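Here's a quick briefing to read alongside the model. Have the sequence and the 3D view open as you go.

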Amino acid sequence: EYLSPADVWLALWLVCLIVYLVRRLVHSDRTNAIVHVLDALMMTLALSLVVWEELIKPAIGDASRLSVAHQIVIILMPALDIFVASMLVLLLQVLL
């Protein structure tokens, strides 16, 4: 029923990782950094919708039976993971 400390620490770690990746991207290519971040956000949105419909929604069933905190974690964690992966792909494209 309640969030575990692991949920909080994982979210904090992912946010710190995203801040680092965005700062790294800005440092390497300042003029196109906003474009790359928006690209990553669009990829995240598209992939999150697919992941939600195909994997998460069938696995959890009726989400209304869960608390609001759990619903946020269920949505936030995969979206943050996908955003980190998108940022890594874009960062590799910029650096190579």
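What follows starts with the overall picture, then turns to one helix pair and a few of its residues.

This is a predicted model, and its secondary structure comes to three helices and zero strands. Reading from the N terminus, the elements go α-α-α. The part to zoom in on is the pairing of α2 with α3, whose axes come within 8 Å.

**Overall picture**

- Taken along the principal axes, the box filled by the C-alpha atoms is roughly 45 × 30 × 15 Å.
- The protein has 96 residues, and 24% of them count as buried.
- Its accessible surface is about 6700 Å², with 72% of that belonging to carbon and sulfur atoms.
- If you take the contacts with a separation of 6 or more, 76% of them come from residues 24 or more positions apart.

**How α2 and α3 pack**

- Helix α2 covers residues 33-60 and helix α3 covers residues 68-95.
- Their axes cross at roughly 140 degrees; angles over 145 would count as roughly antiparallel, so α2 and α3 are oblique to each other.
- The crossing of α2 past α3 is right-handed.
- Sorted by class, the residues in this contact are 18 nonpolar, four polar and one charged.

- Ser-86 sits in helix α3, while Thr-44 belongs to helix α2.
- Is Ser-86 buried or exposed? Its relative accessible area is 4%, and buried means under 20%, so Ser-86 is buried.
- Thr-44 has 9% relative accessibility, which is also under the 20% cut-off, so Thr-44 counts as buried.
- Which residues does Ser-86 contact, once neighbours within four places in sequence are set aside? They are Ala-40, Met-43 and Thr-44.

- Asp-39 has a relative accessibility of 30%, and the in-between class runs from 20% to 50%, so Asp-39 counts as partly exposed.
- Glu-53 comes in at a relative accessible area of 44%, which puts this residue in the partly exposed class too.

**Sequence distance against spatial distance**

- How far apart are the C-alpha atoms of Asp-39 and Met-87? They are separated by 8.7 Å, although the two residues are 48 residues apart along the chain.
- Now try Glu-53 and Ile-34: these are 19 residues apart in sequence, yet their C-alpha atoms are 29 Å apart in space.

Notes
Residues numbered from 1 in each chain as written. Predicted model: local features only at pLDDT ≥ 70, side-chain atom pairs only at ≥ 80, totals over all residues. Heavy atoms only, no water. Axes fitted to C-alpha atoms, helices over the stretch in contact; angles between N-to-C directions. Helix = DSSP H or I, 4+ residues; strand = E, 2+ residues; numbered from the N terminus. Parallel < 35°, antiparallel > 145°, perpendicular 65-115°, else oblique. Left-handed = near helix turned anticlockwise from the far one by under 90°. Nonpolar A, V, L, I, M, F, W, Y, C, P; charged D, E, K, R; others polar. Buried < 20%, exposed > 50% of the residue type's maximum accessible area, 1.4 Å probe, protein only. Contact = heavy atoms within 4.5 Å. Areas by Shrake-Rupley, 256 points an atom, 1.4 Å probe, with all protein chains shown as cover.
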